[in-house]
Amino acid sequence: MKDAEQLRKAYHSYLRLERGMSTNSVEAYEQDLDKLFAYCKANSIEPQTATFDNLQDFVWQQFGGKTNIRTQSRILSGIRSFYRFLLYHNVREDDPSELLESPRKEQHLPEVLSLEEVNRLVGAVDLSSKEGHRNRAILEMLYGSGLRVSELVGLRLSDMYREEGYMLIRGKGSKQRLVPISPEADKWFGFWLEDRSHLDIKPEASDIAFLNHYGRQLTRAMIFTIIKRLADEAGIKKVISPHTLRHSFATHLLQNGADLRIIQQLLGHEQLTTTEIYTHLDIQDLRDAIMMYHPANKE
């Protein structure tokens, strides 16, 4: 039987090679696995022989009513993944994690911008600044194509087929999809490419689409900062992030008659149910539907 360190290495290979998970996801899973290994060591238990009662005790110690639901769900997902790995590789004949209860999530509708608010946000970009064309292109990409922030910062020039009007997006789990580039986004991206050509670009960032003024790849945190600053300048009171623009993209498509399965493909969701969570109709649309179609409201 493999010891803990051998299991850790084998599990790492399983996550990267067999499941095709990103570096960030693998690191998150392994950090949670370290917590489980530490618990097992403290209680003289081998991780590969842990029982359901052991795992339940570990979960209770980890959460204790203090950990938020998102973190709880992630830790449980990591535990289940590890024991499925042990089962799959015949280290165990059963899965002690399958009966662990997941925390119940409260469903909150994500924030969405109106078209007027999107226009105000875009209008807040100072096009006379060095980053003006870049920031405008970023907003057009997020809202016009529904990209995740990680997909935006990782976007490569070699994955953009501007003449054909498409770009190859590398999404979660290294999955790829083709996403149209809107004419507006392409226009501003062209302006940004001209500005980009004057930067001292670092070799490792030569194929990265969006760069900072040092010629290096932008970070997720920088995109958050840019959007928060523009929202403040536009007088938008909602708490927004890059994902707000992705959600607004999907919601506005849905409101204007796009098929949910098309939106699913554009967003890169594996399950249609995920798309249904991310897209919702504005409450005013629901009210209008009742006023228009319910017989009690007809003369």
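The side chains of Arg148 and Glu151 are joined by a polar contact of 2.5 Å, a polar contact being a pair of N or O atoms within 3.5 Å, of which, within protein, one must be able to donate a hydrogen and the other to accept it, and residues adjacent in sequence count only if both atoms are side-chain atoms. The model is predicted, so that local features need pLDDT of at least 70 and side-chain atom pairs count only at pLDDT 80 or more, whereas totals for chains, interfaces and linings use all residues. Residues are numbered from 1 along each chain as its sequence is written, and side-chain values use heavy atoms, with hydrogens and water left out.

Arg148 lies in the loop between helix 6 and helix 7 (149–153); helices (H or I, at least four residues) and strands (E, at least two) are DSSP runs, numbered from the N terminus. At 13% relative accessibility, Arg148 counts as buried, where buried means under 20% relative accessible area, exposed over 50% and partly exposed in between (1.4 Å probe, protein chains only). Residues up to four places away in sequence not counted, Arg148 touches Gly171, Lys172, Arg177, Arg246, Leu267, Gly268 and His269, contact meaning heavy atoms within 4.5 Å.

Arg177 belongs to strand 3 (residues 176–180) and is buried, with a relative accessible area of 11%. A polar contact of 2.9 Å joins the side chain of Arg177 to that of Glu151. The Arg177 side chain also reaches the backbone oxygen of Leu266, at 2.9 Å.

The protein chain contains 13 helices and 3 strands. Of its 299 residues, 41% count as buried. Among contacts between residues at least 6 apart in sequence, 57% join residues at least 24 apart.

In helix 5 (residues 115–123), the residues Glu117, Val118, Leu121 and Val122 are buried. Viewed down the axis of helix 5, its buried residues fall within an arc of 140°, so they line one face of the helix; the arc is that of the directions from the helix axis to the C-beta atoms. The cover over these buried residues includes helix 6 (132–145), helix 9 (220–233) and helix 10 (242–255).

Helix 2 (residues 23–42) and helix 4 (residues 69–88) have axes that come within 9 Å and cross at roughly 80°. Axes are lines fitted to C-alpha atoms, for helices over the stretch in contact, and angles run from 0 to 180 degrees between N-to-C directions. Helix 2 is therefore roughly perpendicular to helix 4, since angles under 35 degrees count as roughly parallel, over 145 as roughly antiparallel, 65 to 115 as roughly perpendicular and the rest as oblique. Ala28, Tyr29, Asp32, Leu33, Lys35, Leu36 and Phe37 of helix 2 meet Arg74, Ile75, Ser77, Gly78, Ser81, Phe82 and Tyr83 of helix 4. By class, this contact has 8 nonpolar, 3 polar and 3 charged residues (Ala, Val, Leu, Ile, Met, Phe, Trp, Tyr, Cys and Pro count as nonpolar, Asp, Glu, Lys and Arg as charged, and the others, Gly among them, as polar).

Ser44, in the loop between helix 2 and helix 3, has a phi near 55°, a positive value in a residue other than glycine. Ser44 counts as exposed, at 72% relative accessibility. Asn90, in the loop between helix 4 and helix 5, has a positive phi near 60° and is exposed at 69% relative accessibility.
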